[in-house]
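Please keep the sequence and the three-dimensional view at hand while reading.

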Amino acid sequence: MNALVIGATGATGKDLVEQLKKDDSFERVDVFVRRPLDIQHDKLTVHVIDFDRTDAWHNLVKGDVLFSCLGTTIKAAGSKEEQWKVDYGYQYEFAKAAKENGVDRYVLVSAEFASPKARSFYSKMKGQLEEAVKELGFPKLTIIKPPILMRKGSDRTFEVLGLKAIQFMNKAGLFRSQQPLPTEELAMAMINSAKRTQGDNEPLIGTAIRERASLKFD
């Protein structure tokens with residue numbers, strides 16, 4: 001397969017690209033980034049693009065599966081409007097381009113409590129994106145809604161504090177269904193979702209993500 005990746009510079013994206021490089025099921029990996037990557041590989045093609053110029057990259061979005069794990073924070077983006085542009089706008093435009101170019105598999109990393117009816121800006125934004133990409137009509141669509149992630153060297157203050165809190169409660173036997181998920185495991189669940197012959201009728205959550213990550217394919 002030919003894999004397309006947006007969000008390759010984030011924690012999940014880095015693990016995803018590393019695993020794709022080693023996986024014989026994928027003969028080519030195209031990543032779309034705003035800045036050059038400091039990695040090289042025979043399989044890897046890096047497209048440095050301006051995400052705002054859809055016309056410049058639209059025709060490059062061709063392959064077998066689009067992996068989307070792009071995202072930012074309000075702190076990094078500077079405002080809700082800028083975070084919306086990245087987390088919703090860029091991902092939706094890439095998904096739309098992929099569908100228009102005949103890509104039939106789409107794997108999207110969303111958020112655990114994403115819902116278009118959510119009160120929080122972040123969860124509502126993610127939920128609206130889920131609904132929008134469903135309407136594009138990908139033949140094989142997988143939406144993954146992971147719990148709090150274990151990222152290597154995370155500098156997200158609330159995420160780090162939340163991770164420590166949930167780990168403490170897990171040790172006390174609480175919230176077992178919300179155990180933190182390593183980004184390597186999430187990446188494997190994404191890859192295994194692309195290898196299946198069909199998409200998913202419902203988003204993957206909780207233990208279903210870990211079960212997907214543990215699948216073995218010949």
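Predicted model: local features only at pLDDT ≥ 70, side-chain atom pairs only at ≥ 80, totals over all residues.

S4 (residues 65-68) and S5 run parallel and are joined by four bridges. A further pair across these two strands is Leu66, which stands opposite Tyr106 in S5.

- Five of the five residues of S5 (residues 105-109) are buried, so the strand is largely enclosed by the rest of the structure.
- Both faces of S5 are covered, with Arg105, Val107 and Val109 buried on one side and Tyr106 and Leu108 buried on the other.
- S5 also pairs with strand S6 (residues 140-145), in the parallel sense and over five bridges.
- Within this pairing, Leu108 has Ile143 as its bridge partner in S6.
- Together with helix H5 (residues 121-134), S5 and S6 make a right-handed β-α-β unit.

**Strand S4 and its link to S1**

- S4 is likewise covered on both faces: Val65 and Phe67 are buried on one side, and Leu66 and Ser68 are buried on the other.
- Strand S1 (residues 2-6) runs parallel to S4, and four bridges join the two.
- Val5 stands opposite Phe67 in S4.

**The sheet as a whole**

- Seven strands form an open sheet with parallel pairing, in the order S3-S2-S1-S4-S5-S6-S9.
- S3 and strand S9 (204-205) stand at the edges with a single partner strand each, so one side of each has no neighbour in the sheet.
- S2 and S3 run parallel and are joined by five bridges.
- In that pairing, Val31 stands opposite Val46 in S3.

**Helices lying across the sheet**

- H5 lies across S5 and S6, and runs at about 170° to S6.
- The 14 residues of H5 should span 20 Å at 1.5 Å a residue, and its end C-alpha atoms are 20 Å apart, which agrees.
- The buried residues of H5 are Ser123, Met125, Lys126, Gly127, Leu129, Glu130, Ala132 and Val133.
- These buried residues of H5 pack against H4, S5 and S6.
- Helix H7 (residues 183-195) lies across S4, S5, S6 and S9, and runs at about 160° to S5.

**Helix H4**

- Helix H4 (residues 80-100) has 21 residues, which should span 30 Å at 1.5 Å a residue; its end C-alpha atoms are 29 Å apart, which agrees.
- A kink of about 30° occurs in H4, centred on Gly89.
- Gly89 is also one of the buried residues of H4, which include Gln83, Val86, Asp87, Tyr88, Tyr90, Gln91, Tyr92, Phe94, Ala95, Ala97 and Ala98.
- After H4 comes Gly102, whose phi is positive, near 90°.

- Thr12 lies in helix H1 (residues 11-22).
- The relative accessibility of Thr12 is 6%, so Thr12 counts as buried, the cut-off for that term being under 20%.
- Leaving aside residues up to four places away in sequence, Thr12 touches Cys69, Leu149, Thr183, Leu186, Ala187 and Met190.
- Arg35 is found in the loop between strand S2 (28-33) and strand S3 (44-48).
- Arg35 has a relative accessible area of 57% and is therefore exposed, the cut-off for that term being over 50%.
- Arg35 and Ile49 are 14 residues apart in sequence, and their C-alpha atoms are 7.8 Å apart in space.

**The chain overall**

- The protein chain contains eight helices and nine strands.
- Of its 218 residues, 45% count as buried.
- Of the contacts in the protein chain between residues at least 6 apart in sequence, 67% join residues at least 24 apart.

Note on methods:
Residues numbered from 1 in each chain as written. Heavy atoms only, no water. Buried < 20%, exposed > 50% of the residue type's maximum accessible area, 1.4 Å probe, protein only. Pairing = 2+ DSSP bridges. Right-handed = clockwise from strand over helix to strand, strands pointing away. Expected span 1.5 Å × (residues − 1). Bend = angle between axes of the 7 residues up to and from the residue. Contact = heavy atoms within 4.5 Å. Axes fitted to C-alpha atoms, helices over the stretch in contact; angles between N-to-C directions.
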